[in-house]
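Subject: Two-chain model for you to look at

Hi there,

Here is the model I promised to pass on. Have a look at it first, and then read on for what turned up.

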Amino acid sequence: MDRLATKYLKPRKALSTACAGCGLGQVHKKILLAIEQLGIADGDLVWGAGIGCTGRQIFNTWKGDNFAGTHGRVYALATGLRLALPPEKKILLTVGDGDAFGIGLLHLLHCARRNADLTVIVADNFGYQSTGGQYAWTTPDGAVTDSSPHGMQDPNWMQNGRDILDMLRAAGAGFLARYTSVEGRNAVSGIRQAIEHRGFSLVHIIYPCVTHFFSKAPGIRQPADAHRWLRDRTNPSPSAEFPASELTFKTGIFHRAGHDTTPEFGEQLRAFTKKIREGGGHDTR
Amino acid sequence: MPITLLADQIVIDGWETLPLPETSADADALGLRVAERKAHPGPDFYPTTADLDVSPVVLGRNTGAACSDWTPTEEGFDTEEVEAQHKHAWRLIYKVCNNRHLLPRAEEIEVADADVIFVAYGSPSRVVKSAVREARRQGLKAGALRLRTLWPFPDEIFHRQRPVKWLSVELNYDGQLVREIQRAGGGGAHFLGRCGELPGVAELVEAARSLSAGRPLTVSDPFAKEAW
């Protein structure tokens, strides 16, 4: 069995039930590598999962404590847990694009606004793949999916001047990064820095779904070709000449806040209640 | 164990003073005590017994806990097997039903000699309590049941009452609770509903007076289903 799996995962779940050729395992492995580099033990981190491919495949794989919330609620659960757990205990969430950028976006924005100390890894496979491949909020423009048979007709969060990370930044997120599953060390390093960041951090990682998205939209059925498609679009060189309408991925750390930004949610609330308890009340002006 | 709290808008939007203890003396005065939460030690974290108060999923203790709203297997892993859904649902149903005596059931108010018993849950139950007081003052034999757990329905409390006329007081039209009262109370259930406002003490007293005298409840027009 894989060394990291032996070290960090429950044996029962170490062999993933994901489809053959799925890129989710690569994302999972990058997270575990970052955890290993940080020297985090299973008791130091509580792992939350959303729903969909990412949620269901990764839930309860972690040897330590696990939790999950359906359809975008995991950020709200994690915010509460942040207050209940000791500050040094890490909280990491693995969620999908539909969960984070669609159904649970409001919860995610509020989580970023509060600057709760937790790390969200959004494993993005371009749509709702676990339910059969319907389009979602990062599905590329014009992509044919189960629910967009004539091409994706809905504006997404990734193209035409919109970037979901801009919105999260505006909401108050302190650390934002984007990678694709075909990247190696730089992605691991980004995840590591996200976990180290004190406050809300989010890493958006795009990975291929061969079963639904790739077989329908670009018409690719070979996993290797799907990974190549993604690799070609990850930080493409100017000579690659992708048309402006094509979705490509500029990866790396997108935003990192300085120390003068919003205080961490748990820290701020503890200080606030301490002040009130000591009889000082708070300044209501 | 999933618990559903049914609340109405008054409960949801209402504000009340909630005394919170600041010292252990305050806590003693309020009759509160701190109980350390027990947790299953793991690694076989999902107890398949019906033991109470041993939660398999207290997060943060590194017991390998798995807390989700998905159906778990005996080992705690989530499963989508149909048989597992049935098994899990029946386990929870029997766990609740077999321990129903531990659940707060209902508050009984002046029911011993009552001819009319109001039944209410949530906000209307306070008006109902005042209505019982006022009806008694006017010489009517009225009582009330304030239900605290709706499922499992407190049938045993209904069974122990002598034959009475039941009046279900609800915040809706046409009744949602009244049919359970008909079933558990052996018929003779009447209904008085209000939407967007609480019933008044006076109209409840009048309703009790009508039912005691064997008269139908008054409605605003013949097609209204606000009382029957």
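A word on domains before anything else: their bounds come from an automatic or database domain assignment. On that basis chain B splits into domain 1 (32-102) and domain 2 (106-212). Taken over C-alpha atoms, the centres of domain 1 of chain B and domain 2 of chain B are separated by 36 Å.

Some housekeeping: residues are numbered from 1 along each chain as its sequence is written, while chains are lettered from A and ligands numbered from 1 in the order in which they are written. This is a predicted model, in which local features need pLDDT of at least 70 and side-chain atom pairs count only at pLDDT 80 or more, whereas totals for chains, interfaces and linings use all residues.

The sheet in chain B

Helices (H or I, at least four residues) and strands (E, at least two) are DSSP runs, numbered from the N terminus; two strands pair if DSSP finds at least two bridges between them. In chain B, five strands make an open sheet with mixed pairing, in the order E2-E4-E3-E5-E6. Strands E2 (106-109) and E6 (189-193) of chain B are at the edges with a single partner strand each, so one side of each has no neighbour in the sheet. Direction ignored, neighbouring strands of this sheet are turned by 20 degrees against each other on average. (Axes are lines fitted to C-alpha atoms, for helices over the stretch in contact, and angles run from 0 to 180 degrees between N-to-C directions.)

Strands E3 (residues 116-120) and E5 (residues 165-170) of chain B run parallel and are joined by four bridges; Phe118(B) stands opposite Leu167(B) there. Helix H4 (residues 124-137) of chain B touches E2, E3, E4 (142-147) and E5 of chain B, and its direction makes about 165 degrees with that of E4(B). Helix H6 (residues 178-185) of chain B touches E3, E5 and E6 of chain B, at about 160 degrees to E6(B).

Where the chains meet

Between the chains, 17 residues of chain A are in contact with 13 residues of chain B. The largest share of chain A's side, three residues, comes from E2(A). Two bridges join E2(A) to strand E1 (residues 66-67) of chain B, and these strands run parallel. Within this pairing, Phe67(A) has Cys67(B) as its bridge partner.

Local details

Which residues are joined by a cis peptide bond? They are Trp151(B) and Pro152(B), with omega about -5 degrees. Pro152(B) sits in the loop between E4 and helix H5 (155-159) of chain B. Most peptide bonds are trans, and most residues other than glycine have a negative phi.

Glu241(A), although not a glycine, has a positive phi of about 55 degrees. Glu241(A) counts as exposed because it has 8 C-beta neighbours inside 10 Å; the classes are buried at 20 or more other C-beta atoms within 10 Å, exposed at 12 or fewer, and partly exposed in between, with C-beta atoms placed from the backbone. Glu110(B) likewise is not a glycine and has a positive phi, of about 50 degrees. Glu110(B) lies in the loop between E2 and E3 of chain B and, with 16 C-beta neighbours inside 10 Å, counts as partly exposed.

Happy browsing!

Definitions and conventions
Contact = placed C-beta atoms within 7 Å.
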